[in-house]
Amino acid sequence: MSKKTPKRHIIIPDTQVKPGNDLKFLKRIGLYIAEHEPDTVIMLGDFADMESLSSYDKGRKDFEGRRYTKDINAAKSGMDILMDGMLGGAANPELILTLGNHENRIERATQIQPELDGLLSSDDLQYSDYGWIVHPFLHPVTVDGVVYCHYFVSGAMGRPVSSAARLISTKHQSCIAGHQQGRQVAYSVRADGRMITSMIVGSCYEHNESYMGPQGNKHFRGFLVLHDVNNGEFDNMTVSLKYLNEKYG
């Protein structure tokens, strides 16, 4: 049996694009992708923030002025900027996107208000029109032995696994998740000697979130590169937005 050629993955965590944000960092991510020519680009979800459908902020003063169409248009503008940056690359990577809980706000809205069914849809974001293979919220996808999802759940209540160490101990596979700010990594070895790695990296944006306060916003912001991916094994590297700003600014 011939040995599989190791692959390169670039993973974009939550960008949470919303109206009024500076989105130049998305162009820089696109330029990095074009320069390094990965085999696959995986977006972990929450590309769009969809703040107009936030149940947490409803009733607050800063909720005023939010509109669904503004959220959709901001996400499309962000995707235009990202894809424009990628145009210069010689490679044609596979584009995979797993929807996040922020995009799932659209589905939740139609469940709470059934009269909106048929009027609102995650298809309004038009991710597939940009070439992304879109996977539903919380549906894991496996690429070269690595399992990707916006977040992984455990227990009867389906709560998000919140640490890389627990992720590796409950799933027993190499898993990559977003959703949670910062970065975590855990390693283990299977009985057959194969290395498995779990990572949680969920903040690839420059803005601060008011609900996190001045201390909670001090976390890693960037994306992942997996080198030599083969049957779930890989060498992992993080790339910060600060580095991108210095390289492409």
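Entry 1. I began with Lys27, which is partly exposed at 30% relative accessibility. The model is predicted, so I treat every value here as computed from that prediction. Lys27 makes a salt bridge with Asp84, and the closest N and O atoms are 3.2 Å apart. I placed both residues: Lys27 is in helix α1 (residues 24-36) and Asp84 is in helix α2 (residues 68-86), so this pair ties together parts 57 residues apart in sequence. Asp84 also counts as partly exposed, with 41% relative accessibility.

Entry 2. I then looked up Lys24. Its salt bridge partner is Asp22, with 2.6 Å between the closest N and O atoms. Lys24 has a relative accessibility of 48%, so I put it down as partly exposed, because the exposed class begins over 50%. Asp22 is partly exposed as well, at 41%.

Entry 3. Which residue meets Arg194 in a salt bridge? I found Glu233, at 2.9 Å from N to O. Arg194 sits in the loop between β10 (183-189) and β11 (195-201), while Glu233 belongs to strand β13 (residues 233-240); the pair therefore ties together parts 39 residues apart in sequence. I noted Arg194 as partly exposed at 24% relative accessibility, since buried would need under 20%. Glu233 is partly exposed with a relative accessible area of 27%.

Entry 4. I checked for linked salt bridges and found a network that joins Lys18, Asp49 and Arg105. For the structure I recorded a total of 8 salt bridges.

How values were computed:
Residues numbered from 1 in each chain as written. Predicted model: local features only at pLDDT ≥ 70, side-chain atom pairs only at ≥ 80, totals over all residues. Heavy atoms only, no water. Salt bridge = Lys/Arg side-chain N within 4 Å of Asp/Glu carboxyl O. Buried < 20%, exposed > 50% of the residue type's maximum accessible area, 1.4 Å probe, protein only. Helix = DSSP H or I, 4+ residues; strand = E, 2+ residues; numbered from the N terminus.
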